[in-house]
Amino acid sequence: MIVVTGATGNAGSEVVRALLARGLGVRAFVRDPGKARRALGEDVELAAGDFADPGSVRAALEGAGTLLLSCADDPRRVGWETAAIDAAVAAGVRRVVKLSAMAAGPGSPVAFWDWHGQVEQHLRASGAGWVILRANWYMSNVLAAAPGVAAEGRLYAPAGDARIAMIDPRDVGAAAAAVLSSPGHEARPSHEASPGHEGQTYLLTGPRAITYAEVAAGLSAATGSTVEFVDVPGDAARAGMIGDGRPAFAAGQIVAMFGALRQGAGAQVSPAVETLTGRAPRDFASFARDHARLFAVAAGTGAAR
Ligand SMILES: NC(=O)c1ccc[n+]([C@@H]2O[C@H](COP(=O)([O-])OP(=O)(O)OC[C@H]3O[C@@H](n4cnc5c(N)ncnc54)[C@H](OP(=O)(O)O)[C@@H]3O)[C@@H](O)[C@H]2O)c1
C-alpha cells in the first residue's frame with residue numbers, strides 16, 4: 001500500500017492519478033474526504049486526518065510500505081513532515097519519497113526552500129529508505145493569473161527575463177509514481193534489501209528553461225488572443241497578491257522566489273523525468289493548450305480544454 005499525503009494538491013493529486021493508472025493500491029491522507037472523493041474518484045482509499053493530529057498520521061500509515069510526503073507551504077511544515085517521517089519509520093514503512101523544491105537547502109533565504117531543506121536533512125538521517133524529488137516551478141502556478149489574463153490579456157509577474165525549467169504537475173506525478181512503485185515499495189522484513197531509488201535526489205524539470213514572455217506567447221497561441229507579459233516590481237507584485245487575499249508572508253515568499261529565479265535558481269534542465277518515466281516531460285505549449293479555457297473565458301475565444 002502506498003500512502004500519499006497532500007493528495008488533493010496540484011502535485012499530490014497527479015501522484016495519485018499516476019499510481020492508480022499503474023493499477024497500484026493508494027491510500028490518500030486527506031483533510032476533507034468529500035473534496036478528495038470528488039477530486040480523486042472512487043478507486044482510492046481515503047484516510048481522513050491532519051498533519052497536526054499525530055494519531056491520524058499513525059493510523060494512515062498502518063500496513064503501508066511506501067509514503068509520498070507532500071504538504072502545503074505552511075510555517076508548520078517542518079514539524080509536521082519530520083513527525084510524519086518518524087511515524088513512518090516507527091510503522092515499518094520501507095520508503096519515504098519527499099516532494100521537495102529545486103533550490104531546497106537549510107538556511108536558504110527563501111523560507112519555503114529552507115523548510116524543505118530541513119525536512120530533507122531529517123529524512124536522510126531517519127533510517128527510512130528515502131528518495132528526494134526536487135521539483136522546479138510548477139506550470140500550474142500560472143493558473144493563479146488566469147482571471148487577469150482572461151480579463152486584460154496581460155500576464156503580470158516579477159519574473160524579468162528569468163529562465164525557468166518549469167514542469168507540468170502531471171510530470172511530477174508520473175515521476176513520483178515511477179519512484180514510488182519501483183521494486184521494494186511493498187512492506188518487507190527489514191533485513192531484505194530494497195532495490196529502488198533509495199538514497200537518490202532527483203531534480204524534476206520540464207524540457208526547457210523558458211521566460212515568462214515565452215509563457216505569455218504560449219498562452220497567446222493556445223487561446224488565439226494576444227497575451228502580453230508585463231514585468232512588475234516585487235513590491236507591486238506583493239501588494240497585488242495581498243490585495244487578492246493571499247497572506248502577506250506567502251506573498252513575500254513568492255516575490256523572494258521570483259528574485260532567486262531571476263538569479264538563475266530555476267534554469268537547470270534535468271533529464272530525470274524522462275529517465276524515470278521513459279517519456280519526455282510536457283512543454284508549456286501542451287500545458288497551455290490543456291488549460292486554454294481558463295485563460296480565454298472573458299476573451300470569448302471559445303478555446304476548449
Ligand atoms: N508550486 C511550485 O512551483 C512548487 C515547486 C516545487 C515544489 N513545490 C512543493 O510541492 C509541494 C506540493 O505543492 P502543491 O502545489 O501540490 O501544493 P498544494 O496544491 O498547495 O496542496 C497542498 C496539499 O497539502 C494538504 N495539506 C495542507 N495542510 C495540511 C494538513 N495540515 N494536514 C494534511 N494535509 C494538508 C492540502 O490539503 P487540502 O486540500 O485539505 O488543503 C493539499 O492536499 C509543496 O511542498 C511545495 O512546496 C511546489
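Trainee: How many aromatic pairs does the count come to?

Mentor: This is a predicted model, in which local features need pLDDT of at least 70, side-chain atom pairs count only at pLDDT 80 or more, and totals for chains, interfaces and linings use all residues. Residues are numbered from 1 along each chain as its sequence is written, and side-chain values use heavy atoms, with hydrogens and water left out. Rings of Phe, Tyr and Trp (its six-membered ring) pair if their centres lie within 6.5 Å. By this rule, the number of aromatic pairs is eight.

Trainee: Are the rings of Phe51 and Trp80 stacked, edge-to-face or tilted?

Mentor: Planes under 30 degrees apart count as stacked, over 60 as edge-to-face and the rest as tilted. The centres of the Phe51 and Trp80 rings are 6.1 Å apart and their planes are at 15 degrees, so this pair is stacked.

Trainee: How many residues apart in sequence are the parts that Phe51 and Trp80 tie together?

Mentor: Helices (H or I, at least four residues) and strands (E, at least two) are DSSP runs, numbered from the N terminus. Phe51 lies in the loop between strand 3 (45-48) and helix 3 (54-61), whereas Trp80 belongs to helix 4 (residues 77-90), so the parts tied together are apart in sequence by 29 residues.

Trainee: Is Trp115 buried or exposed?

Mentor: Buried means under 20% relative accessible area, exposed over 50%, and partly exposed in between (1.4 Å probe, protein chains only). Trp115 has 10% relative accessibility, so this residue counts as buried.

Trainee: Which residues do ring pairs link into a cluster?

Mentor: A pair of aromatic rings is described by the distance of the centres and the angle of the planes. Here, ring pairs join four residues into a cluster: Trp137, Tyr212, Phe229 and Phe258.
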